[in-house]
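Dear colleague,

Please find below the structure I promised to hand over. My notes on what was found in it follow directly after.

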Amino acid sequence: VESAAEVESAAQAQAAIIERDRLALFKRTLAKDLSDDELSGFAARCNQTMLDPFANQIHAIKRSGKLCIQTGIDGFRLIADRTGNYAGSDDPMYEGEVEYQDGKESRTAPELATVTVRKIVQRQVFEVTRHAYWREFYPGPGGDGFMYRRMPHVMLSKVAEAQALRAAFPADLSGLYVDE
């Protein structure tokens with residue numbers, strides 16, 4: 001019978017092998033602009049978190065020439081689920097409306113998204129609720145705001161959910177940030 005630590009160690013070793021085998025493919029397809037050192041650092045972070053960039057769980061993004069490693073919302077959910085204490089989340093709730101410009105067109109988005117996640121602690125379920133306000137997270141009319149303009153409800157709810165997951169699972173999600 002293997003201990004939990006032995007199983008986790010074997011899984012991490014397997015993940016490292018998988019990443020090493022797929023590193024060249026990742027460089028050719030998703031990370032053409034990364035230096036070898038940046039690629040190695042990103043691969044190490046993938047192995048540490050056991051997140052898969054091909055499944056959009058973690059991303060290597062260059063901003064102003066600097067590498068930013070960001071975890072997708074699916075990566076956050078997976079990490080929370082691996083704890084064995086994640087008890088799901090509620091559908092997002094939206095309040096209010098804000099108007100913003102999309103080129104010459106005026107559009108609306110939710111002013112606020114709220115998400116509640118549940119965590120099991122000593123066989124009791126606790127709820128953690130967080131809010132995300134459009135004015136605080138909308139990146140603006142440039143290229144970074146494309147997905148917010150395309151799917152404002154989805155993007156804002158992912159921010160609220162990520163904040164709730166970080167609050168519920170701080171030890172597991174420390175130092176990880178979502179791209180939304």
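A residue is called buried when its relative accessible area is under 20%, exposed when that area is over 50%, and partly exposed in between (1.4 Å probe, protein chains only). By this scale Asp90 is partly exposed, with a relative accessible area of 33%.

Please keep in mind that this is a predicted model, in which local features need pLDDT of at least 70 and side-chain atom pairs count only at pLDDT 80 or more, while totals for chains, interfaces and linings use all residues. Residues are numbered from 1 along each chain as its sequence is written, and side-chain values use heavy atoms, with hydrogens and water left out.

The whole structure holds 5 salt bridges, a salt bridge being a side-chain nitrogen of Lys or Arg within 4 Å of a carboxyl oxygen of Asp or Glu. One of them joins Arg118 to Asp90, at 2.6 Å from N to O.

Asp74, Arg77 and Glu161 are linked in a network of salt bridges. Within it, Arg77 meets Asp74 at 2.9 Å, N to O, and these two are separated by about one helical turn because they stand 3 residues apart in helix H3 (helices are DSSP runs of H or I with at least four residues, and are numbered from the N terminus). Arg77 also pairs with Glu161, their closest N and O atoms being 2.7 Å apart; since Glu161 lies in helix H6 and Arg77 in helix H3, the pair ties together parts that are 84 residues apart in sequence. Glu161 is buried, at 7% relative accessible area, whereas Arg77, at 30%, is partly exposed.

Best wishes
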